Amino acid sequence: MHADILALRAYDWPDLVARVLDTSTATSPSVGVPAFDNENGYHDWVDMTWFWLDRCRSSHAPLVEKMVLFWHGHFCSSLAKVFKHRWLFDQNQLFRTHGLGGFEDLTQRMAVQPAMLAYLDNDRNVAGSPNDNFARECMELFTLGVGNYSEDDVLESARAWTGHLISDAGGYRFTPEAHDWGTKTFFGDTRNWDGPQIIDHIINGPKKMTVARFIGAKLWSFLAYPDPEDSVVDHVATAFANADMHIAKLVEAILLHPQFRSAKAKRGLIRSPIEYVVATMRQTGLPCSEANPQWALKAMGQQPYYPPNVSGWRQNGYWVNEAAAWAKSRYVSGLRWSMYQRGDLVGVDDLSPSDAATAALEHVGIMVPSARTHAVLEEYVRNERLHNGWADRAGLLLLPLLTPEFQVA
């Protein structure tokens, strides 16, 4: 909110970055955990969605939830295949508790988390009949990127991951009799590889800088702007690798890089639907129980716990389409009436059209709108007062949330 931004102006940039990275004030992940029904999946999904979005709205350490969203789109699992709501919720919690820690630790924990084991079929990966789905995506999408491994590496990694299964009770279980104990050659090194050793070798072995560049470029694209320059990637990847692949240090390197404060970065990203909904709730102060965002997110194209596939959601232009625009307008129309009944912008009818437009924009945190945005909103007020004489306040509670300025992260 604007008041929060004003309070941060007293800090110089390095101190501000340190403040953002200080997550000690984050609410404990155990607070407000939903009670899972297990018999009504829809209610479970609504409860876990509200849990997440309300934390995003009210968190004193928003970076934690920002990283939950990043990892949810990176280490993807989906209820469309997994079906167990608790497993997806626990994966979300894993990103919350370890999303700013060591990258190897997070990857190791993710690899044996039941949602991932089920989503990428490692729960059926057994000696004599290896399934290479997880082994492939662990390299292609999670750590190295395309072209940095061979098909033989995939097959040998799949053999190493045999026996890492889900127990009858629904937790991770290593099953020795289902594991391939033979020697395997991975990245030219022959030994009796086991799955966790594969991850350790990928992240900490000869390809460490490849991993650092891959993750560094992806996180930069999430926080600043897509397709960063090679010099930017080199800088943040080196900082990441030198910090023993600690994620918080990568975030710090990104935030402290001069390009992060460039004009390109300031207008570099269009908010995804989840980010957009959180921004509306944070600016209006309306919790999920009043905003009911779960109804709109699917129509906008980003349903929590339902990434479209293992490669996750795309960025920017992907979110600019007619269906998303209509879904946003329907959603914020509901917010508008909640604000109207609460008394927001009471007295705006007494202001000049120009001042009314300014007040409406500032009400949702838009302090420096473009001349065009302000002019269009001012013209709206004039027309409403000329033809209706009463509706400008209702419109002024809605339209600023649909402006280009509010769409940009």
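How do helix 3 and helix 6 lie to each other, roughly parallel or roughly antiparallel?

**View 1. Helix 3 beside helix 6.** Helix 3 and helix 6 are roughly parallel to each other, a label for angles under 35 degrees, whereas angles over 145 count as roughly antiparallel, 65 to 115 as roughly perpendicular and the rest as oblique. This is a predicted model: local features need pLDDT of at least 70, side-chain atom pairs count only at pLDDT 80 or more, and totals for chains, interfaces and linings use all residues. Residues are numbered from 1 along each chain as its sequence is written, and side-chain values use heavy atoms, with hydrogens and water left out. Helices are DSSP runs of H or I with at least four residues, numbered from the N terminus. Helix 3 covers residues 41–58, and its axis comes within 10 Å of the axis of helix 6, crossing at roughly 15°. Axes are lines fitted to C-alpha atoms over the stretch in contact, and angles run from 0 to 180 degrees between N-to-C directions. The crossing is left-handed: the near helix is turned anticlockwise from the far one by less than a right angle, while clockwise would be right-handed. Among the residues that meet are Trp 45, Phe 51 and Trp 52 in helix 3 and Leu 88 and Phe 89 in helix 6. Contact means heavy atoms within 4.5 Å.

**View 2. Helix 6 against helix 7.** Helix 6 (residues 85–98) and helix 7 (residues 103–111) have axes that come within 11 Å and cross at roughly 165°. Leu 94, Phe 95 and His 98 in helix 6 touch Asp 105, Leu 106, Arg 109 and Met 110 in helix 7. By class, this contact has four nonpolar, one polar and two charged residues. Nonpolar covers Ala, Val, Leu, Ile, Met, Phe, Trp, Tyr, Cys and Pro; charged covers Asp, Glu, Lys and Arg; the others, Gly among them, are polar.

**View 3. Helix 12 across helix 14.** The axes of helix 12 and helix 14 (residues 247–256) come within 10 Å and cross at roughly 55°. That makes helix 12 oblique to helix 14. The crossing of this pair is right-handed. Ile 215, Gly 216, Leu 219, Trp 220 and Leu 223 in helix 12 meet Leu 250, Val 251 and Ile 254 in helix 14. The contact holds seven nonpolar residues, one polar and no charged.

**View 4. Lining of the second largest pocket.** This pocket has 28 lining residues, with Lys 218, Phe 222, Trp 313, Arg 314 and Gln 315 nearest its centre. Helix 4 (62–74) and helix 12 (208–223) each supply at least two residues of the lining. On a 1 Å grid over the protein atoms alone, a pocket is an open set of points where a 1.4 Å probe fits, with protein on both sides within 12 Å along at least five of seven lines; lining residues have an atom within 4 Å of a point.
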